[in-house]
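The structure is shown first.

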Amino acid sequence: MTIRTKDASKQYLADKAIGKTKESETRKEILAVENKIRNNKTETAAVVKDGKKLIDKSEGKANEVSFTNAECQKMKGAVLTHNHPSGRTFSDADLITTVKWDLKEIRAAHSKGVYSIKQVGGATKSASLFPKDFEANRKKELEKNNATFFKNQDKYNKGKLSYDDFNKIIDKLNGNIEKSQDQWLMKNSKKYGYEYTKEKLGGK
Ligand SMILES: [Zn+2]
């Protein structure tokens with residue numbers, strides 16, 4: 001589609017209209033990918049820019065999907081979506097990729113919805129600190145849960161705790177860390193020029 005006009009203000013509006021169209025084409029493509037992958041048992045991913053799918057990673061391992069350097073070079077200003085079979089929020093690696101390769105948005109789809117982190121500007125802190133501080137929060141939360149973990153591991157090793165009960169405790173501790181990471185993103189993303197949102201399936 002080409003829109004030509006000599007009137008500068010009209011050209012500006014025409015460019016804006018094209019920008020909007022590309023944005024909505026990108027979103028359409030992203031939602032189509034997410035509907036296909038959200039219930040996958042392995043991690044899969046796609047990168048979309050200006051309504052076009054630039055990278056399609058439909059083969060993933062259980063908890064990771066990897067990109068070549070050449071693929072990463074294409075990510076600037078693009079939207080990356082992938083699925084999280086665990087239903088958990090973003091990982092340290094997700095944030096590192098987002099900032100290092102200057103993604104416009106990263107999304108993680110799961111059976112009940114989508115997590116999103118997108119650039120919004122207005123940063124008061126350097127974006128490069130975003131993944132570092134996120135990781136630091138996880139480590140801090142991990143420390144807090146360590147004592148409970150080791151106490152129960154000891155009980156399990158001595159036969160005073162069943163395998164199932166030990167696993168339930170581990171799940172609970174992982175849940176604590178997940179909750180803390182989710183809350184940290186909600187509270188802090190804006191400082192680094194990003195917005196963290198959670199969309200529920202069905203638009204609620
Ligand atoms: Zn991820």
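**Overall fold**

The model is predicted. Its chain contains five helices and six strands, and from the N terminus on the order of elements is α-β-β-α-β-α-β-β-α-α-β. The C-alpha trace spans about 80 × 35 × 35 Å along its principal axes. Of the 204 residues in the chain, 23% are buried. Among contacts with a separation of 6 or more, 67% are between residues 24 or more positions apart.

**Nonpolar core**

The largest nonpolar core holds 25 residues, and Val 47, Val 48, Ala 78, Leu 80 and Phe 130 have the most contacts inside it. Two or more residues each come from helices H1 (8-37), H3 (92-100) and H4 (129-157), and from strands E1 (45-49), E3 (79-83), E4 (105-110) and E5 (113-119). E1 gives the largest share, four residues. Leaving aside residues up to four places away in sequence, Val 47 is in contact with Leu 54, Ile 55, Lys 74, Met 75, Ala 78 and Leu 80.

**Helix H1**

H1 is 30 residues long, and the distance from its first C-alpha to its last is 43 Å, close to the 44 Å expected at 1.5 Å a residue. Its buried residues are Thr 26, Ile 30, Val 33, Glu 34 and Ile 37. In an α-helix, residues three or four places apart point the same way, because there are 3.6 residues a turn. The cover over the buried residues of H1 includes E1, E3, E4 and E5.

**Strand pairing**

E5 pairs with E4 and with E6, which covers residues 194-200. The two pairings are set out below.

| Strand pair | Direction | Bridges | Residues standing opposite |
|---|---|---|---|
| E4 and E5 | antiparallel | six bridges | Ala 108 and Tyr 115 |
| E5 and E6 | antiparallel | seven bridges | Gly 113 and Lys 200 |

**Asp 182**

Asp 182 is part of helix H5, residues 163-188. Is Asp 182 buried, exposed or partly exposed? Asp 182 counts as partly exposed because it has 16 C-beta neighbours inside 10 Å, whereas a buried residue needs 20 or more and an exposed one has 12 or fewer. Asp 182 and Phe 90 lie 92 residues apart in sequence, with 8.2 Å between their C-alpha atoms.

Methods
Residues are numbered from 1 along each chain as its sequence is written. This is a predicted model: local features need pLDDT of at least 70, side-chain atom pairs count only at pLDDT 80 or more; totals for chains, interfaces and linings use all residues. A nonpolar core is a set of buried Ala, Val, Leu, Ile, Met, Phe, Trp, Tyr and Cys residues joined through C-beta atoms within 7 Å. Two residues are in contact if their C-beta atoms, placed from the backbone, lie within 7 Å. The expected span of a helix is 1.5 Å times one less than its number of residues. Two strands pair if DSSP finds at least two bridges between them.
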